Amino acid sequence: GATTVVWNQRTGSNSIVQASTRPAGSGTFGAVVNLSTLGQDADYQQVAVGADGATTVVWRRDNGSNSIVQASTRPAGSITFSAAENLSAAGQSADNPQVAVAVDGATTVVWYRSNGVNTIVQASTRPAGSVTFGGAENLSAAGQNAASPQVAVAVDGAATVVWQRDGPTYIRIQESTSGATMYSLTLTRSGAGSGSVSSSPAGIDCGLVCSYPFSLSTSVTLTASPATGSSFTGWSGSGCSGTSTCTVTMLGVRAVDAKFTKLPSNNFKIKSVKAGVKALTSTVVVPGPGTLTQLVTRSVKKKSKSVKFAVCKTSKKATKAGTVKLTCKLSAATRKARAKGSLRVSVKTTFTPTGGLLASKTKTVTLKRKR
């Protein structure tokens, strides 16, 4: 039952779009609110309210040289309208804005604009859950004067726009419908690496399906999953970037690329582990530059529990592919325990290639008794 009224008020040399709202259950309207900017004529105001109570006002604003379509929204539960948002392009006079809201809150605004030669009907949609409108989309054909657009939205979210188009000998009414219209989202994968991309809502599963049609205004979230030995290094296309998820609003045909990079190999080989009097010496073959680390532990039973103790640890950088020797000096406590009898130790060797992912291998070695 909340009610919003909009109008344009003459303020001396200019007119401004204003609004007032009577809250649900109230008997009086609230304070008058200015929506358009002072000092610029504004008129042709229209208002639409969503099912959740969000209110959107559109109007034409004239700055003296051309006119532009603007919008302001009061979100559901708020008492404040947003700052004016430009919907039509600067430098081309736009006129006669109309607005309609779908059940899910998706909002479509239509108008016609002049490029100095003829007029064309355009539309902009703010998807459900979004706070900004998408770019202007041409609806009528170029080279033919089109005007007086109207828009209505069905319960399934399909938006239908009708307008008048001037022909060489007669006038014709034309229409364009979206919402039930599907636009394709195409996913490509680049780079030397490999991986898959999936979408929410479901449709893209690339791998197998790399293109899928989605309804107008659908918000599609893409998630990249690199394969073993690869990393995901970023999105490009349709406004996506970075390495997090990519969200695309289907206001037309969209194309996104996911780049996967092949990681350097971490497949190393332990040729030997030899136990000396004071140290363990390991011979390791690495596939390229990186860092080798080694941690040697032994388990001792204390009060029926197994407790791990560090025997030694070491690390070494490899500058190229080839053989690397690691020397891990045994702790004094280990040498003392070894003097009493042989010890079984766990030798964990880890290789982290430069720019790659680590890999670890573990061997069990017996340290024979040394006095």
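Is Asp41 buried, partly exposed or exposed? Asp41 counts as partly exposed, because its relative accessibility is 26%, where buried means under 20% relative accessible area, exposed means over 50%, and partly exposed lies in between (1.4 Å probe, protein chains only). The model is predicted: local features need pLDDT of at least 70, side-chain atom pairs count only at pLDDT 80 or more, and totals for chains, interfaces and linings use all residues. Residues are numbered from 1 along each chain as its sequence is written, and side-chain values use heavy atoms, with hydrogens and water left out.

Side chains of opposite charge can pair when their charged atoms come close. The structure holds 3 salt bridges, a salt bridge being a side-chain nitrogen of Lys or Arg within 4 Å of a carboxyl oxygen of Asp or Glu. In one of them Asp41 pairs with Arg10, with 3.6 Å between the closest N and O atoms. Asp41 belongs to strand E4 (residues 41-49) and Arg10 to strand E1 (residues 3-11), so this pair ties together parts that are 31 residues apart in sequence. Strands (E, at least two residues) and helices (H or I, at least four) are DSSP runs, numbered from the N terminus.

Arg60 takes part in a salt bridge with Asp43, at 2.9 Å from N to O. Arg60 lies in strand E5 (residues 55-62) and Asp43 in strand E4, so the pair ties together parts that are 17 residues apart in sequence. Arg60 also forms a salt bridge with Asp95, where the closest N and O atoms are 3.1 Å apart. This pair links distant parts of the chain, with Arg60 in strand E5 and Asp95 in strand E8, 35 residues apart.

Asn96 has a positive phi of about 55° although it is not a glycine, and its relative accessible area of 16% makes it buried. Ser148, in strand E12 (residues 146-153), has a positive phi near 55° and is likewise a residue other than glycine. Ser148 is partly exposed, at a relative accessible area of 39%.

The backbone has a cis peptide bond between Ser200 and Pro201, with omega about 0°. Pro201 is in the loop between strand E16 (195-200) and strand E17 (205-206).

A positive surface patch consists of Lys269, Lys271, Lys274, Lys325 and Lys361. Patch residues have over 30% relative accessible area and no salt bridge, with like charges joined within 9 Å and nonpolar side chains (Val, Leu, Ile, Met, Phe, Trp, Tyr) within 5 Å. Strand E23 (residues 269-275) gives the patch its largest share, 3 residues. Lys361 sits in strand E29 (residues 359-367) and counts as partly exposed at 33% relative accessibility.

Key. Areas by Shrake-Rupley, 256 points an atom, 1.4 Å probe, with all protein chains shown as cover. Lys, Arg positive; Asp, Glu negative; His and termini not counted. Charge placed at Lys NZ, Arg CZ, Asp CG, Glu CD.
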